[in-house]
Amino acid sequence: MRKVVIAGNWKMYKTQAQALEFLQGFMLELDNVPEEREIILCAPFTDLALLSKNLHGSRVQLGAQNVHWEEAGAYTGEISGPMLAEIGVRYVVVGHSERRQYFGETDQTVNLRLKAAQKYGLTPILCVGETKQQRDAGETEILIYTQLEKALVGVDQEKLIIAYEPIWAIGTGDTCEAKEANRIIGLIRSRLSNQNVPIQYGGSVKPTNIDEIMAQPEIDGALVGGASLEPQSFSRIVNYQV
Ligand code: PEP
C-alpha cells in the first residue's frame, strides 16, 4: 500500500509569529482527516525549531526546504542534515524547481542532497518537472527520466517521496490536467525499482481541484505552495474528499 502524503511548501513566507498564527487555525481543522494521510509542513529554517516544539505530539510532521550534503563545514548559508534532525525535522524538499532555477541546483547536487538527507535520517521529497518550453517541444518524458536517473544514483527508494511538479504550473494558477498528471506520475513510477514510493503532484493545487487530483489512481498526494499558506485552504486540501 502506498502512503498518502500532503505537504505544504511555505517557501520564503512566514515569520515565527505568522507560523504560530497559522497553527492556531490549522490544528483545529484536522480532527476528521483520516489517520493514514501524512501531513507535512515544509517551513523556512527560522521557523523550524519553534514549529517543532508546537507540533510535538501532534500528527503534523515537519519538513525543511533544503539540506546540504556535508555533515558540517565551511559552507556559509547552508544547513546540514544533523542540524535538521536534531530539532525534529523528518522530511526535506530537494531539487525544487525554484532552487534549480535561481540557485544553481543541478541533478548532481540534487543527488548529493538526497543521499545526505537519508544518511541523517530525513526522508527527502525529490521534485522533478518540465518547463513549458520543454513540454511544448515534446521533451517532458525524456527530461523527467533524466532527472530521475541522475538524482537517484545510490539513493534508497525505501525512504523517498517524489513530487511531479510541472514548472509551468507552479505559482501560476495553471494546473496540469489531473489525467495528464496521473499519466506522468505513472511513467515516473515505471522507472522506479520500489513501486511503493509515494508520488505527489504539485503545481497550483487548490481547495477547488484537490478532490479531482486525489481521485487519480497514480497520484499519492500533493506538494502545495501558495494554498498551504492559509489555514482554511490548506485544511480543506488535507481534508480532500474522494
Ligand atoms: C510548490 O511550491 O512546490 C508549488 C507547487 O507551488 P504552488 O502550489 O503555489 O503552485
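1. A residue is termed buried if 20 or more other C-beta atoms, placed from the backbone, lie within 10 Å of its own, exposed if 12 or fewer do, and partly exposed in between. Strands (E, at least two residues) and helices (H or I, at least four) are DSSP runs numbered from the N terminus. The model is predicted: local features need pLDDT of at least 70, side-chain atom pairs count only at pLDDT 80 or more, and totals for chains, interfaces and linings use all residues. Residue numbers start from 1 along each chain as its sequence is written.

2. Strand 1 (residues 4-9) is mostly covered, with 6 of its 6 residues buried. V4, I6 and G8 point one way, whereas V5, A7 and N9 point the other way. In a regular strand, side chains alternate between the two faces of the sheet.

3. A closed barrel of 8 strands runs 1-2-3-4-5-6-7-8 with parallel pairing, where pairing requires at least two DSSP bridges between two strands. Strand 1 is joined to strand 2 (residues 37-42) by 6 bridges, and I6 stands opposite I39. Strand 1 is also joined to strand 8 (residues 221-224), by 4 bridges; there V5 has G221 as its bridge partner. Between strand 7 (residues 199-202) and strand 8 there are 2 bridges, and G202 stands opposite L223.
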